[in-house]
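Hi,

Here is the structure I promised to pass on.

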Amino acid sequence: QVKRSGKNAFRFFDPTLNAHHHERITLENDLRNALLRGEFELHYQPQVSVARRQIVGMEALLRWRHPVLGALSPNTFIQVAEELGMIGEISRWVMEEACTQLAQWRSAGHLELRMSVNLSPLDFDKRDIVSSITECLARHALPPGQIELEITESLMMNDTADVATKVRELRSAGLSVAIDDFGTGYSALAYLQKFPVSTLKIDRSFVRDLDGPSINPIISAITGIARGFALDIVAEGVEQPEQAEALQLLGCDVMQGYWFARPAPAHEALEWLAQPAR
Ligand code: C2E
Ligand code: CA
Ligand code: CA
Ligand code: CA
């Protein structure tokens, strides 16, 4: 069974950015240097197949070890990076690092393992987003089908034609595309017709409310939509065994959450790969 990592004590400092102007300024300057100084790292959280009770993928989650403030959550700095126009550089680093890691795990024999990478909506403003991603995969000799890009509903709300083209190109190149936090945006479900995504990720706010065998109407609706569009369903934020059981009954394909493992550095994640999941 996957070890629930007690030693992964990665505690986030929260500078509550909007309230503290000075900290915000510091953060901006430091962010510019963070890539150069090698302060970013990726942690990995396993995604477990419901049917096989086995790790089938890892989600790469960005961490920033700030020299003074300590560990910073992406929730505190991704938005700043987007505002500063730095997110493209960061996303490129994340993609490169995630691909390097997946290639390493593959050479350790984990040939079926998939990797999920989070993208910012702003990444889709870049003309060469598709080629820079496919080139990265090629450079690491990775099968595109084993990379999943996680995007959010907000991406599909504006400038749809251009974004839809890029999503279609990524899918044609063989990559999977997941809609993260599904159901929390202003979903106009019509976009599912236009954007050929492969996966819906049920937001953890819905999973949190699952505490028994009773049917949850939102999750049933989401799984119904997913079935209608032939999409895979990943449930995130699974913290309790009762939630895992309920999600299995509701027809989820893959689960992710603290119940299986917290995000952890690559060497710890490699240990999980050697064990069957819960
Ligand atoms: P997300 O993509 O929805 O990622 C899931 C978040 O939930 C992660 O927080 C993860 O650590 C946390 N989580 C996982 N399992 C559980 C659980 O069972 N219970 C609870 N309460 N939380 C759980 P994290 O790592 O702090 O990331 C926060 C957000 O930052 C992510 O949300 C994602 O939107 C963004 N992010 C993370 N890495 C990247 C990245 O490389 N690029 C971009 N653009 N955004 C990123
Ligand atoms: Ca995600
Ligand atoms: Ca999510
Ligand atoms: Ca989220």
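Starting with the contacts in the protein chain: among those between residues at least 6 apart in sequence, 70% join residues at least 24 apart. Before you read on, keep in mind that this is a predicted model.

A few more overall numbers. The protein chain has 278 residues, and 50% of them count as buried. Its secondary structure comes to 10 helices and 9 strands. The chain exposes about 13,100 Å², with carbon and sulfur atoms supplying 51% of that.

**The calcium ions**

I'd go to this part next. Which residues coordinate the calcium ion (ligand 3)? The donors are Asp180 (OD), Asp181 (OD), Glu236 (OE) and Glu236 (OE), at 2.2 to 2.5 Å. Along the sequence, those donor residues are spaced D-D-x54-E.

Asp181 comes out at 25% relative accessibility and so counts as partly exposed.

**The strand that carries Asp181**

Asp181 is found in strand β6, which covers residues 176-182. This strand is mostly covered, with 6 of its 7 residues buried. As a general point, side chains in a regular strand alternate between the two faces of the sheet.

β6 has parallel pairings with two strands that I noted. With strand β5 (residues 147-152), the parallel pairing runs over 5 bridges, and here Asp180 in β6 is the bridge partner of Thr152. With strand β7 (residues 199-202), β6 pairs in the parallel sense over 3 bridges; Ile179 stands opposite Leu200 in β7.

**Strand β1 and its partners**

β1 is another mostly covered strand: 9 of its 10 residues are buried. It runs antiparallel to strand β2 (residues 54-66), and 10 bridges join the two. They form a hairpin with 4 residues between them, and Arg53 in the turn has a positive phi of about 50°. Ser49 has Gln54 as its bridge partner in β2.

β1 also pairs with strand β9 (residues 254-255), in the antiparallel sense and over 2 bridges. Ser49 turns up again here, standing opposite Val254 in β9.

**Aromatic rings**

How many aromatic pairs does a search of the whole structure find? The count is 6. Take Tyr44 and Trp105: their ring centres are 5.0 Å apart and their planes are at 75°, so the pair is edge-to-face. Tyr44 lies in strand β1 (residues 40-49) and Trp105 in helix α3 (residues 87-107), so this pair ties together parts that are 61 residues apart in sequence. Both partners are buried: Tyr44 has a relative accessible area of 1%, and Trp105 has 2%.

Tyr191 and Phe195 also make a pair. Their ring centres are 6.3 Å apart with the planes at 75°, so this one is edge-to-face too. At 3% relative accessibility Tyr191 counts as buried, and so does Phe195 at 1%.

There is a cluster to look at as well: Phe40, Trp64, Phe77 and Trp93 form one aromatic cluster. Lastly, the charged end of Arg262 sits over the ring of Tyr258, 3.9 Å from its centre.

Cheers

Terms used: Residues are numbered from 1 along each chain as its sequence is written. Chains are lettered from A and ligands numbered from 1 in the order in which they are written. This is a predicted model: local features need pLDDT of at least 70, side-chain atom pairs count only at pLDDT 80 or more; totals for chains, interfaces and linings use all residues. Side-chain values use heavy atoms; hydrogens and water are left out. Buried means under 20% relative accessible area, exposed over 50%, partly exposed in between (1.4 Å probe, protein chains only). Two strands pair if DSSP finds at least two bridges between them. Rings of Phe, Tyr and Trp (its six-membered ring) pair if their centres lie within 6.5 Å; planes under 30 degrees apart count as stacked, over 60 as edge-to-face and the rest as tilted. A charge sits over a ring if NZ of Lys or CZ of Arg is within 6 Å of the ring centre and within 35 degrees of the ring normal. Contact means heavy atoms within 4.5 Å. Accessible areas come from the Shrake-Rupley method with a 1.4 Å probe; for residues, only the protein chains shown count as cover. Donors are N, O and S atoms within 2.8 Å of the metal (3.2 Å for Na, K and Ca); water is not among the atoms, so sites may look incomplete.
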